[in-house]
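Please read them with the coordinates open beside you.

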Amino acid sequence: MTLAHVQEALQKGVRLEAVCERLGVAPRTIQRWRKPQTAQDGRCGPRTRPANRLSEAEKRRMLTVANSEEFRDV
């Protein structure tokens, strides 16, 4: 809905910078909103696992403790 309002303002001749200032967003945000949903994410994430990654046993232990009666509501 907001993007439709932005488009409407731009068609009426309002500058993008003025629209962004009024909305409190950066022009780059509007560019991202206009990006088609089918576009692929071009970011390059880490290709290696971190050296300090938890083992499966450590993960299970963490979940057991987190879900225990003592910490269940924290």
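1. In this predicted model, the buried residues of helix α2 are covered by elements that include α1 (2-11) and α3. The residues concerned are Leu 16, Val 19 and Cys 20, within a helix that spans residues 16-23. They lie on the same side of α2, because the arc they cover around the axis is only 95 degrees. Glu 21 and Arg 22, by contrast, are exposed on the other side of that helix. Just after α2, Gly 24 adopts a positive phi of about 80 degrees.

2. The largest nonpolar core has six residues in all, namely Val 6, Ala 9, Leu 16, Val 19, Cys 20 and Ile 30. Helices α1 and α2 each contribute at least two residues to this core, and α2 gives the most, with three. Once its neighbours within four places in sequence are left aside, Val 19 is in contact with Val 6, Ala 9 and Val 14.

3. How many disulfides does a search of the whole structure find? The search returns zero.

4. As to overall architecture, the protein has four helices and zero strands, and from the N terminus on its elements follow the order α-α-α-α. The radius of gyration is 23 Å, well over the 11 Å that the globule rule gives for 74 residues, so the protein is more spread out than a compact globule. Taken along the principal axes, the box filled by the C-alpha atoms is roughly 60 × 35 × 20 Å. Buried residues account for 9% of the 74 residues.

5. Leu 10, in helix α1, is partly exposed, with a relative accessible area of 25%. Its contacts, leaving aside neighbours within four places in sequence, are with Arg 15, Leu 16 and Arg 34. The C-alpha atoms of Leu 10 and Ser 55 are separated by 53 Å, these residues being 45 apart along the chain. Trp 33, which lies in helix α3, is likewise partly exposed, at a relative accessible area of 38%. Although Trp 33 and Leu 3 are 30 residues apart along the chain, their C-alpha atoms are separated by 7.2 Å. Leaving aside neighbours within four places in sequence, Trp 33 is in contact with Thr 2, Leu 3 and Val 25.

6. On confidence, the mean pLDDT of the protein is 89, and 99% of its residues reach 70 or more. Where is confidence lowest, and where is it highest? The lowest value belongs to helix α3 (residues 27-34), at a mean of 89, and the highest to helix α4 (residues 56-66), at 96.

Definitions and conventions
Residues numbered from 1 in each chain as written. Predicted model: local features only at pLDDT ≥ 70, side-chain atom pairs only at ≥ 80, totals over all residues. Heavy atoms only, no water. pLDDT = per-residue confidence, 0-100. Buried < 20%, exposed > 50% of the residue type's maximum accessible area, 1.4 Å probe, protein only. Arc of directions from axis to C-beta. Contact = heavy atoms within 4.5 Å. Disulfide = S-S within 2.5 Å. Core = buried A, V, L, I, M, F, W, Y, C linked by side-chain atoms within 4.5 Å. Rg over C-alpha atoms; globule rule 2.2 N^0.38 Å.
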